[in-house]
Amino acid sequence: MVKAIRVHELGGPEVLKWEDVEVGEPKEGEVRVKNKAIGLNFVDVYFRKGVYKAATVPYTPGVEACGVVTAVGPGLTGRQVGDLVAYAGQPMGSYAEEQILPANRIVPVPPSIDPTVAASLLLKGMTAQFLLRSCFKVEPGHTVLVHAAAGGVGSLLCQWANALGATVIGTVSTKEKAAQAKEDGCHHAIIYKEEDFVARVKEITSDNGVEVVYDSVGKDTFEGSLACLKTRGYMVSFGQSSGAPDPVPLSTIAVKSLFLTRPRLFNYAVTRDELLGMAGEVIGNVQSGVLRVRVNHTYALSQAAQAHEDLENRKTSGSSSRDFAKLAIKTRKTGCTRSSGAKVRDDHPHWSAGTRCMFVVRALATESASPAAAKMVKAIRVHELGGPEVLKWEDVEVGEPKEGEVRVKNKAIGLNFIDVYFRKGVYKAATVPYTPGVEACGVVTAVGPGLTGRQVGDLVAYAGQPMGSYAEEQILPANRVVPVPPSIDPTVAASLLLKGMTAQFLLRSCFKVEPGHTVLVHAAAGGVGSLLCQWANSLGATVIGTVSTKEKAAQAKEDGCHHVIIYKEEDFVARVKEITSDNGVEVVYDSVGKDTFEGSLACLKTRGYMVSFGQSSGAPDPVPLSAIAVKSLFLTRPSLFHYAVTRDELLEMAGEVFGNVQSGALRVRVNHTYPLSQAARAHEDLENRKTSGSVVLIP
Ligand SMILES: NC(=O)c1ccc[n+]([C@@H]2O[C@H](COP(=O)([O-])OP(=O)(O)OC[C@H]3O[C@@H](n4cnc5c(N)ncnc54)[C@H](OP(=O)(O)O)[C@@H]3O)[C@@H](O)[C@H]2O)c1
């Protein structure tokens with residue numbers, strides 16, 4: 001019999017009872033450990049209150065301890081009576097003088113580390129490890145925001161992030177905690193009870209925002225944390241000490257193409273190798289001297305209720321255990337991974353060389369000399385939002401390009417699902433009436449005053465902003481057009497640039513597909529879908545696609561889908577589980593939205609990426625964090641506009657797309673062409689799922 005804390009009913013600190021329990025003998029694969037020190041963690045409070053569910057009630061709380069092995073199970077090798085070991089995570093039950101543990105969940109503790117330090121370090125240290133090194137990889141030059149910076153995990157996060165070369169901003173509730181956070185390497189400590197932390201972060205970062213927020217506070221800070229992030233930033237919501245945040249509408253992360261994750265240590269330290277790797281990095285770093293573990297409070301185990309009360313009343317800082325120890329971390333710095341691929345250069349000597357090309361340029365230049373062509377042109381106009389019938393064929397004035405602009409006579413215009421969203425009002429056009437369209441390929445017919453690098457006669461394409469491509473001729477900012485290699489047909493270019501660059505950022509930046517990955521692509525026979533499947537296949541992934549008909553299934557197969565699911569006839573979640581032997585996929589590219597969202601989450605493996613990049617069936621409901629917490633998933637609602645921001649990004653992405661078409665890795669399916677005047681019919685067919693591949697409008 002040993003003494004332990006037991007919980008017979010959920011509730012306040014008073015439910016923690018000091019009782020006798022039987023500990024028994026270790027079975028095969030187990031050890032018995034006499035605890036020397038036990039770590040107190042906020043997760044113990046969640047279990048006690050019932051925010052998280054314990055497997056049984058009554059139960060013994062606690063998920064972290066350090067102690068000495070007192071018995072080993074039959075046949076066990078590698079562990080001996082007398083070994084100093086620590087454990088963190090499952091199984092629960094560390095609030096006990098002695099406990100049984102699976103041998104594969106404990107790690108050896110070097111003699112140089114005090115057991116009290118080890119007990120307060122392992123869970124918090126491994127949490128800091130996966131947050132900074134896996135969940136989001138902090139690198140020199142990043143700016144990170146850490147809430148509750150003087151807390152147990154917070155203190156380690158700040159020191160470690162600082163050691164990784166980041167600028168660290170911490171939030172705390174009191175002056176005393178601010179002083180501690182500063183000592184722990186916070187470059188800026190914000191007292192969030194007195195100051196508006198969002199305004200302060202904006203001020204500190206000169207309105208740029210931070211790369212990542214580590215938010216363990218939850219409800220009180222969640223919204224503000226999102227506001228502190230820069231475009232494509234990571235919101236790592238790893239705790240909820242102030243309560244669970246409300247379900248998240250996708251629109252709140254779409255505005256800046258943010259990533260949202262609600263990670264758990266249990267999903268990062270799954271295998272023995274992961275556990276040893278993480279613990280090794282934490283302990284090794286502590287030994288080498290950069291990290292300092294603050295054991296600011298120790299209580300007798302029998303007084304666990306008092307410790308819980310203090311933790312909940314924010315009276316504690318650092319770790320709850322004994323003595324103050326000086327420790328250190330030395331971190332491995334890894335280089336950043338960047339997309340590779342052909343770069344499009346503005347000058348393109350290899351494209352413009354050759355007699356044939358020169359001749360074309362001259363011929364087009366002559367054609368553009370007609371002043372009448374530049375005045376009135378035909379275009380599709382939308383005067384009121386609604387069905388395809390609101391697309392009207394009208395005369396519009398096109399005018400002359402100003403400084404930094406070019407005028408382009410379109411040869412082909414790409415149709416995209418986003419044109420439907422704008423027409424219906426799902427997305428708001430800047431003005432009404434407006435000319436729709438965000439993709440085209442054409443010939444430069446005039447250049448603005450003083451512009452260099454672009455000439456009349458250049459074949460160019462553009463994708464994205466500004467809207468207005470459903471026109472015979474249009475004005476465009478010169479820095480948004482890219483040169484089109486002569487080997488690429490204008491119709492292909494017009495149907496390729498937006499969809500291809502979308503596929504590019506989805507597969508190469510948003511989530512980096514690698515050989516051996518399994519990816520799920522919805523609407524696999526669509527414009528973007530067709531390119532995604534081919535490209536993912538060429539990257540070495542196993543591709544699973546969903547489509548609505550047999551004909552589309554045949555096309556998806558040709559496009560490199562290893563498995564095609566007709567989701568109107570089959571349960572795609574069950575089929576994905578079957579295909580992946582219940583393992584799930586690394587990433588889902590979901591442009592369908594409402595109809596597929598929940599099923600897509602179910603198809604993902606632990607730590608998988610849910611890339612929700614469209615909503616052809618409607619917007620998904622707001623997402624409760626619990627939906628992504630179970631498997632520590634990542635959720636993002638990205639937009640091409642946030643990935644092709646600078647001229648360099650645009651040229652690099654377009655270059656990779658054109659390069660893949662030229663090499664044959666991508667085949668563009670222009671399955672449908674309509675006269676531009678018939679745009680309404682094209683919209684109707686796209687919305688009624690009658691199209692596959694790309695749809696192009698010809699002026
Ligand atoms: N985030 C970005 O930056 C970005 C950029 C480009 C495109 N996108 C998105 O990517 C998606 C694909 O664009 P796309 O132009 O290539 O269109 P598309 O995939 O060619 O057409 C949409 C397809 O979605 C499927 N679908 C499923 N449910 C539907 C419904 N209720 N109504 C209509 N279609 C439905 C249909 O395929 P099945 O018949 O096989 O079901 C349909 O053919 C769109 O959602 C678009 O918004 C996003």
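Trainee: From which domains does the shell around the ligand draw at least three residues each?
Mentor: In this predicted model, 30 residues surround the ligand, and the closest are G526, G527, S548, S591 and G614. The shell draws at least three residues from each of two domains, namely domain 1 (353–495 + 672–698) and domain 2 (515–637).

Trainee: Which helices each supply at least two residues of that shell around the ligand?
Mentor: By residue class, the shell divides into twelve nonpolar, 13 polar and five charged residues. The helices that each supply at least two of the shell's residues are α12 (417–424), α13 (490–510), α14 (527–538) and α20 (679–687).

Trainee: Which residues is L532 in contact with, leaving aside its neighbours within four places in sequence?
Mentor: L532 belongs to the largest nonpolar core, which has 201 residues, and is listed there with A86, L157, A161 and A461 as touching the most other members. This core draws at least three residues from each of domain 1 (353–495 + 672–698) and domain 2 (515–637). Once the sequence neighbours within four places are set aside, the contacts of L532 are A503, L506, L507, V521 and Y589.

Trainee: Why do the buried residues of α4 lie on the same side of the helix?
Mentor: The buried residues of helix α4 (residues 175–183) are K177, A178, Q180 and A181. They lie on the same side of α4 because the arc they cover around the axis is only 160°.

Trainee: Against which elements do the buried residues of α4 pack?
Mentor: The face of α4 turned away from its buried side carries the exposed residues K175 and E176. The buried residues of α4, for their part, pack against α3 (152–163), β9 (167–172) and β10 (188–191).

Trainee: Where does P466, which a cis peptide bond joins to Q465, lie?
Mentor: Most peptide bonds are trans. The bond from Q90 to P91 is cis, with omega near -5°, and P91 lies in the loop between β5 (84–88) and β6 (98–102). For the cis bond joining Q465 and P466, omega is about -5°, and the place of P466 is the loop between β20 (459–463) and β21 (473–477).

Notes:
Residues are numbered from 1 along each chain as its sequence is written. This is a predicted model: local features need pLDDT of at least 70, side-chain atom pairs count only at pLDDT 80 or more; totals for chains, interfaces and linings use all residues. A residue is buried if 20 or more other C-beta atoms lie within 10 Å of its own, exposed if 12 or fewer, and partly exposed in between; C-beta atoms are placed from the backbone. Helices (H or I, at least four residues) and strands (E, at least two) are DSSP runs, numbered from the N terminus. The arc is that of the directions from the helix axis to the C-beta atoms. Two residues are in contact if their C-beta atoms, placed from the backbone, lie within 7 Å. A residue is near a molecule or strand if its C-beta atom, placed from the backbone, lies within 6 Å of it. Ala, Val, Leu, Ile, Met, Phe, Trp, Tyr, Cys and Pro count as nonpolar, Asp, Glu, Lys and Arg as charged, and the others, Gly among them, as polar. Domain bounds come from an automatic or database domain assignment. A nonpolar core is a set of buried Ala, Val, Leu, Ile, Met, Phe, Trp, Tyr and Cys residues joined through C-beta atoms within 7 Å.
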